[in-house]
Amino acid sequence: MTVSHPSSASTNHLSVEAVSKHYPGQIALETVSLHVERGNYVVLLGPSGSGKTTLLSLIGGFTLPSSGIIRIGGQDVTDLPPAKRPTTTVFQDYALFPHMSVAANIEFGLKLRGLKADARKVRVSEMLELVGLGQHGERSIQALSGGQRQRVALARALAVEPEILLLDEPLGALDLALRRQMQDELHRIQRQMNRTFVHVTHDQEEAMALADLIVVMSHGRIEDMGPPRRVYMRPATRFAATFMGESTQIEGRIHAQDGQVITLETQQGFLRGMAAPAEGAMTDTDTQSRTWCIGDKAVAIIRPENIKTTPDHGQAIGQALVCETVFQGNYVRVFARSETGQTFVLHSPARQVPASGDTITPHALVDDITIVPAQEG
């Protein structure tokens with residue numbers, strides 16, 4: 001099977017430049033800027049009302065911005081309607097034609113573009129093979145499972161060779177096992193076609209499984225963006241830390257700074273950790289232009305897998321009483337509370353679980369603690 005690839009000449013394939021969207025009495029998107037390289041898989045991640053779907057709609061042309069510019073491949077597409085943009089969209093509800101066969105659904109966009117019958121037949125065959133439905137072309141849509149319908153929707157969107165594929169919570173209607181299978185398929189197809197994908201979800205695990213670049217959004221603005229590992233392990237803000245997964249959060253004030261290492265004065269004692277990067281940092285250690293001041297309120301963020309109860313694992317963080325344990329399969333989630341009211345959540349090996357009522361001494365390495373500003377953003 002042959003799959004055509006777009007040119008790789010442009011670095012910024014998608015540029016969203018100071019884009020905002022206002023409605024009467026509401027700011028849906030507040031001066032957002034985003035630059036995406038060609039062939040990247042971008043995930044817009046956030047809770048309901050965060051602005052992620054609004055941003056996707058603006059990129060696709062379904063909504064026009066109140067201000068700002070959107071460029072695709074260097075071309076200003078800000079005012080172009082969806083049909084004239086080099087984008088296609090896959091929706092959560094598939095939006096397939098139930099009276100058409102699988103092949104006819106995939107062929108539909110090619111007909112609209114005036115492709116000749118022979119070329120359409122070849123392209124449909126290629127797309128069926130790409131999504132693993134090579135023998136299903138003549139089947140009706142009603143005869144397909146949810147995962148198969150999603151594959152048809154994906155094939156139809158890709159058949160017209162868009163510069164950018166937009167995915168609006170495409171896996172939201174699938175069960176857990178099928179969702180994970182489709183994550184693998186999406187990742188494979190995106191790499192095989194070398195297309196730019198922009199994917200909206202509120203599922204953190206889905207985002208980390210798929211993305212080259214995660215964009216965490218809240219209240220119409222970007223809270224943090226960067227590679228999945230950096231955003232999870234070294235979040236830029238408290239909101240990003242909270243939304244990307246569980247963590248122990250210890251409040252305090254900045255006592256000292258030595259390069260990227262910050263000492264935080266807390267009710268648990270002095271705690272040393274790494275300064276959070278600025279939003280948009282690409283690595284764990286890139287602090288960019290963030291400013292830290294002695295005495296400012298800040299929060300130490302520690303992921304559950306980075307808290308240990310052995311004395312050889314970094315600095316001690318006071319003592320805590322185990323309140324609850326929850327079996328999670330390959331680990332046990334342990335909840336503990338100190339005399340000062342500080343809560344801890346940690347992952348314990350299934351064979352080394354402390355009992356409720358036990359006293360533990362949490363430890364964490366300096367490199368596994370991120371110090372973020374106390375305020376949101």
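Modeller: Residues are numbered from 1 along each chain as its sequence is written, and side-chain values use heavy atoms, with hydrogens and water left out. In this predicted model, local features need pLDDT of at least 70 and side-chain atom pairs count only at pLDDT 80 or more, while totals for chains, interfaces and linings use all residues.

Biologist: Why is Pro304 called buried?

Modeller: Buried means under 20% relative accessible area, exposed over 50% and partly exposed in between, with a 1.4 Å probe and protein chains only. Pro304 has a relative accessible area of 1%, and is therefore buried. Pro304 is found in the loop between strand E14 (297-302) and strand E15 (315-316); helices (H or I, at least four residues) and strands (E, at least two) are DSSP runs, numbered from the N terminus.

Biologist: Which residues does Pro304 touch?

Modeller: Contact means heavy atoms within 4.5 Å. Not counting residues up to four places away in sequence, Pro304 touches Glu246, Ser247, Val345, Leu346 and His347. The C-alpha atoms of Pro304 and Gly245 are separated by 9.3 Å, although these residues are 59 apart along the chain.

Biologist: What makes Gly60 buried?

Modeller: Gly60 has a relative accessible area of 1%, so Gly60 is buried. Gly60 is found in helix H1 (residues 52-60). Leaving aside neighbours within four places in sequence, Gly60 is in contact with Pro82, Arg85, Thr87 and Leu166. The C-alpha atoms of Gly60 and Thr87 are separated by 6.3 Å, with the two residues 27 apart along the chain.

Biologist: How does the lining of the largest pocket divide by class?

Modeller: Ala, Val, Leu, Ile, Met, Phe, Trp, Tyr, Cys and Pro count as nonpolar, Asp, Glu, Lys and Arg as charged, and the others, Gly among them, as polar. The lining of the largest pocket divides into 13 nonpolar, five polar and three charged residues.

Biologist: How do you know that helix H3 has close to its expected span?

Modeller: The expected span is 1.5 Å times one less than the number of residues. Helix H3 (residues 117-130) has 14 residues and reaches 20 Å from its first C-alpha to its last, close to the 20 Å expected. The buried residues of H3 include Arg120, Met127 and Leu130.

Biologist: What makes a nonpolar core, and how many residues has the largest?

Modeller: A nonpolar core is a set of buried Ala, Val, Leu, Ile, Met, Phe, Trp, Tyr and Cys residues joined through side-chain atoms within 4.5 Å. The largest has 46 residues, and Ile106, Leu154 and Leu158 have the most contacts inside it. Helix H4 gives the most to this core, with seven residues. Apart from it lies another core, of 28 residues, among them Ala275, Ala298, Val334 and Ala364.
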